[in-house]
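Have a look at the structure first, then read on.

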2 protein chains.
Amino acid sequence: MTDPPRGADRTEAIMRTTLELGQEIGYARLSIEAIAARAGAGKHTIYRRWPSKGALFLDSLLSLHQSDLDYPDTGDIVTDLRTQIHAAVDLLGNPPFGPLYQALVGEAQYDPQVAAALNERFIAPQAAMTVARLKKARDAGQLSPAFDLSLAMAVLSGPLYFQFLITQEPLTHEYVDRVLHALFNGMGKPSQSPSPDVDSGES
Amino acid sequence: MTDPPRGADRTEAIMRTTLELGQEIGYARLSIEAIAARAGAGKHTIYRRWPSKGALFLDSLLSLHQSDLDYPDTGDIVTDLRTQIHAAVDLLGNPPFGPLYQALVGEAQYDPQVAAALNERFIAPQAAMTVARLKKARDAGQLSPAFDLSLAMAVLSGPLYFQFLITQEPLTHEYVDRVLHALFNGMGKPSQSPSPDVDSGES
């Protein structure tokens, strides 16, 4: 019972240490050596499981995000998008996930393996669920039949990532609501009859 | 006439060297020392002018982007947005600017001074011109009066940055056209009368 942790316990200890150290000293200064030392693990143990600091960091970060990503389905698409995207900005806009995720996306600009893993393990599952929920909405007549579902992630998430990575202003529920309103109503000149208002659940 | 370059010439030589080395070895491995050595300048000369590698890199990169950012004004907002955003993706989607700009945005996730300078010197001027052009379009009845102009950059640029930084798929004119079509027509259920189609200049 006094052996050092093995298997799943050891993996978990290494990932927890990665996140702790990442928060303390920042991603840039994080090293496999420092993680190994604090976690009481050998460097080789870490490298056997993770090929790079980026890969270890991605695994560690995604282990934080245990919540069910699946969409609610109240029957109203705008309500459900609001709920889902409010939860996403609560995660992105706050520690520990927010700053660590920002560092991961920074790393994805330098390391194509991190970028590929980020897409495969974090972005693609979100995209699949978003498109599935939007398809149901389209079938229920709540979405423009002309809307190109393959753009759903780009137009819904793009404005959040722009604020998160570029302007780096706070992500708020109010911002999400304004974006949804703009996206649902469109930038174009409205038809003569009034277009539906989507900025609140009330109607 | 055999003195080493001074003043503006020296500044230009240092910035040119920064971009050359950046393309050769990547941003992460770039150092002030290596730039100084190749440019035949002293490290102190560089540090007197630029407080960090990120600041030098930003200046160097923006010196590449000499084209007039101002919008065309043909009288048709969709045509003008297409022209402007096609030019933007030609820049972002190709070397030398594209990969170097991607590295800069990566650095902006770690260095708040780089993020602030990127916004002040590159993003804010684009935002001002975009909003000015959209205001004219709104006055000309080509834009929904309900569209929140303060979101213009986020909804127009967000989908491009999402593709550029997150999915890292190629940025094409065809992608821009599909995004503009989606944004102008809106995701929401159309009113009974048909909404205007904006995916081409023809009508």
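In this predicted model, the centres of domain 1 and domain 2 of chain A, taken over C-alpha atoms, are separated by 27 Å. The domain assignment places these two domains as follows.

| Domain of chain A | Residues |
|---|---|
| domain 1 | 7-63 |
| domain 2 | 67-185 |

How many residues of each domain are in contact with the other? Domain 1 of chain A brings 11 residues, and these are in contact with 13 residues of domain 2 of chain A. On the side of domain 1 that touches domain 2, helix H1 (7-25) and helix H4 (53-64) of chain A each supply at least two residues. H4(A) gives the most to that side, with six residues. By residue type, that side of domain 1 has seven nonpolar residues, four polar ones and no charged ones.

Now let us zoom in on Gly98(A). Gly98(A) sits in helix H6 of chain A, which covers residues 97-108.

Which residues does Gly98(A) touch, once its neighbours within four places in sequence are left aside? They are Leu92(A) and Gly93(A).

Methods
Residues are numbered from 1 along each chain as its sequence is written. Chains are lettered from A and ligands numbered from 1 in the order in which they are written. This is a predicted model: local features need pLDDT of at least 70, side-chain atom pairs count only at pLDDT 80 or more; totals for chains, interfaces and linings use all residues. Helices (H or I, at least four residues) and strands (E, at least two) are DSSP runs, numbered from the N terminus. Two residues are in contact if their C-beta atoms, placed from the backbone, lie within 7 Å. Domain bounds come from an automatic or database domain assignment. Ala, Val, Leu, Ile, Met, Phe, Trp, Tyr, Cys and Pro count as nonpolar, Asp, Glu, Lys and Arg as charged, and the others, Gly among them, as polar.
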